[in-house]
Amino acid sequence: GFYEIEIKEPSWTKIIDAAKRDLDALVDRHRHLIHRSQVHTQLITNDDPTAGLLAFADESEAELLVLGKQGHSRLKDVMLGATVEKIANLAPVSVMAVS
């Protein structure tokens, strides 16, 4: 998944380090569910989540983008979020959205 954060203070490196630790802990908690796959985590910092994720997918030569959807309304099961929808329309590879 990804978390959109706004950094307002000079201690942004502490925030990024904490986010990396949280991401690694999330993967470790679910590692037993992952079979025959390699998991790579990368924390992306970019003002535009769509541009950042698409750039990373291009740089890493990804074959599949798996994006977590965190709903903010009752329509979360019917509609994809704006970022996920943009990426699904613009990505040159397959996209799987999970919630």
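User: How is the crossing in which H2 passes H3 described, and what makes a crossing right-handed?

Analyst: H2 passes H3 in a right-handed crossing; the term applies if the near helix is turned clockwise from the far one by less than a right angle, and left-handed if anticlockwise. The model is predicted, with local features needing pLDDT of at least 70 and side-chain atom pairs counting only at pLDDT 80 or more, while totals for chains, interfaces and linings use all residues. Residues are numbered from 1 along each chain as its sequence is written, and side-chain values use heavy atoms, without hydrogens and water.

User: Why is H2 called oblique to H3?

Analyst: H2 and helix H3 (residues 82-90) pack at an angle of about 40°, and their axes are 9 Å apart. That angle makes H2 oblique to H3, because angles under 35 degrees count as roughly parallel, over 145 as roughly antiparallel, 65 to 115 as roughly perpendicular and the rest as oblique.

User: Why is alanine 51 called partly exposed?

Analyst: Alanine 51 lies in helix H2 (residues 49-59). Its relative accessible area is 33%, so alanine 51 is partly exposed: buried means under 20%, exposed over 50%, and partly exposed in between (1.4 Å probe, protein chains only).

User: What makes leucine 64 partly exposed, and which strand holds leucine 64?

Analyst: Leucine 64 belongs to strand S1. With a relative accessible area of 44%, leucine 64 is therefore partly exposed.

User: Which residues form the nonpolar patch on the surface?

Analyst: Leu64, Val66, Met96 and Val98 form this patch, with about 330 Å² of accessible area together. Strand S1 (64-68) and strand S2 (94-98) each supply at least two of the patch residues.

Definitions and conventions. Helix = DSSP H or I, 4+ residues; strand = E, 2+ residues; numbered from the N terminus. Patch = residues over 30% accessible without salt bridge, like charges linked within 9 Å, V, L, I, M, F, W, Y side chains within 5 Å. Areas by Shrake-Rupley, 256 points an atom, 1.4 Å probe, with all protein chains shown as cover. Salt bridge = Lys/Arg side-chain N within 4 Å of Asp/Glu carboxyl O. Axes fitted to C-alpha atoms, helices over the stretch in contact; angles between N-to-C directions.
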